[in-house]
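Reader: Could you take me through this one, and tell me what stands behind the words you use?
Author: Gladly; here it is.

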Amino acid sequence: MSESATASDSAAAERLASLAESRGTADEAARVFAELEPESSRERMLVWQDPLPTAAVGATMSGIEYLEAILAGKFPPPPIAVTMRMGPIEVGEGRAVFSGEPGEEHYNPIGVVHGGYAATLLDTVLGCAVHTTLPAGVGYTSLGLEAKYVRPITRDTGRVLCEANVLYRGRRQATSEASLTAADGGKLLAHGVATCMILEA
């Protein structure tokens with residue numbers, strides 16, 4: 001190893017120690033490690049649009065109209081969909097189906113896709129199923145999510161599908177259930193239920 005490489009590694013190690021001491025972000029640490037381990041480093045660029053203008057327009061539409069507009073590409077996807085690589089593929093009254101592409105960027109420290117990926121996908125689809133039942137000017141928010149993990153998700157799992165259906169829609173609350181499966185083979189990966197509060201205008 002050349003002296004310049006050794007000096008570069010030493011400087012990077014000092015920066016990592018400084019980041020750890022100052023509680024720097026994971027992004028900052030990953031960029032320093034990329035200098036030390038370029039052969040094992042990956043990079044993904046994210047592009048998204050300001051979500052607030054779209055949400056404002058969506059509030060003037062019924063839930064199913066809004067989700068159908070997103071599905072049809074009339075509105076940009078929300079930033080969470082870009083970050084998690086997921087999006088709707090089918091919506092109907094009291095029903096929503098999303099597709100997702102879990103990858104290495106969703107891995108946890110023990111070498112599998114973080115359970116939060118499945119939970120986020122379940123929460124999203126469960127809420128969207130409820131959203132399809134709401135008239136214009138009426139919103140919702142999640143009150144509770146219960147997720148059950150059946151199988152681990154890895155980068156080799158491939159495309160996943162998450163389908164939710166509304167079980168109960170009252171004036172103030174709604175309950176929905178969902179299953180998350182591998183698109184290839186249909187194996188159940190996780191399932192869950194959610195309760196949402198209906199927010200009248």
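**What stands behind the words**

Author: The protein chain holds six helices and six strands. This is a predicted model. Read from the N terminus, the elements follow the order α-α-α-α-α-β-β-α-β-β-β-β. The C-alpha trace spans about 70 × 40 × 30 Å along its principal axes.

Reader: How many residues are there, and what share counts as buried?
Author: There are 201 residues in the protein chain, and 34% of them count as buried. The chain exposes about 11,600 Å², with 55% of that supplied by carbon and sulfur atoms.

Reader: Why is Thr181 called buried?
Author: Buried means under 20% relative accessible area. Thr181 has a value of 18%, so the word buried applies to Thr181. Thr181 is found in strand E5, which covers residues 173–182.

Reader: Which residues is Thr181 in contact with, leaving aside its neighbours within four places in sequence?
Author: They are Val160, Leu161, Gly186, Lys187, Leu188 and Leu189. Contact here means heavy atoms within 4.5 Å.

Reader: What makes Met197 partly exposed?
Author: The term is for residues in between the buried cut-off, under 20%, and the exposed cut-off, over 50%. Met197 has a relative accessible area of 32%, and therefore counts as partly exposed. Met197 lies in strand E6, residues 188–199.

Reader: Which residues form a nonpolar patch on the surface?
Author: Leu143, Met197 and Leu199 do, with about 230 Å² of accessible area together. Patch residues need over 30% relative accessible area; Met197, at 32%, therefore passes that cut-off.

Reader: Which residues of helix H4 are buried, and what covers them?
Author: In H4, residues 63–71, the buried ones are Gly63, Ile64, Tyr66, Leu67, Ala69 and Ile70. Their cover includes helix H3 (51–58), strand E1 (86–92) and helix H6 (115–131). An α-helix has 3.6 residues a turn, so residues three or four places apart point the same way. Just after H4, Gly73 takes a positive phi of about 80°.

Reader: What share of contacts in the protein chain joins residues at least 24 apart?
Author: Among contacts between residues at least 6 apart in sequence, 62% join residues at least 24 apart.

Reader: And how many positive and negative side chains does the protein chain have?
Author: The protein chain has 16 positive and 25 negative side chains. The centres of the two sets lie 8 Å apart.

Definitions and conventions:
Residues numbered from 1 in each chain as written. Heavy atoms only, no water. Helix = DSSP H or I, 4+ residues; strand = E, 2+ residues; numbered from the N terminus. Buried < 20%, exposed > 50% of the residue type's maximum accessible area, 1.4 Å probe, protein only. Areas by Shrake-Rupley, 256 points an atom, 1.4 Å probe, with all protein chains shown as cover. Lys, Arg positive; Asp, Glu negative; His and termini not counted. Charge placed at Lys NZ, Arg CZ, Asp CG, Glu CD. Patch = residues over 30% accessible without salt bridge, like charges linked within 9 Å, V, L, I, M, F, W, Y side chains within 5 Å. Salt bridge = Lys/Arg side-chain N within 4 Å of Asp/Glu carboxyl O.
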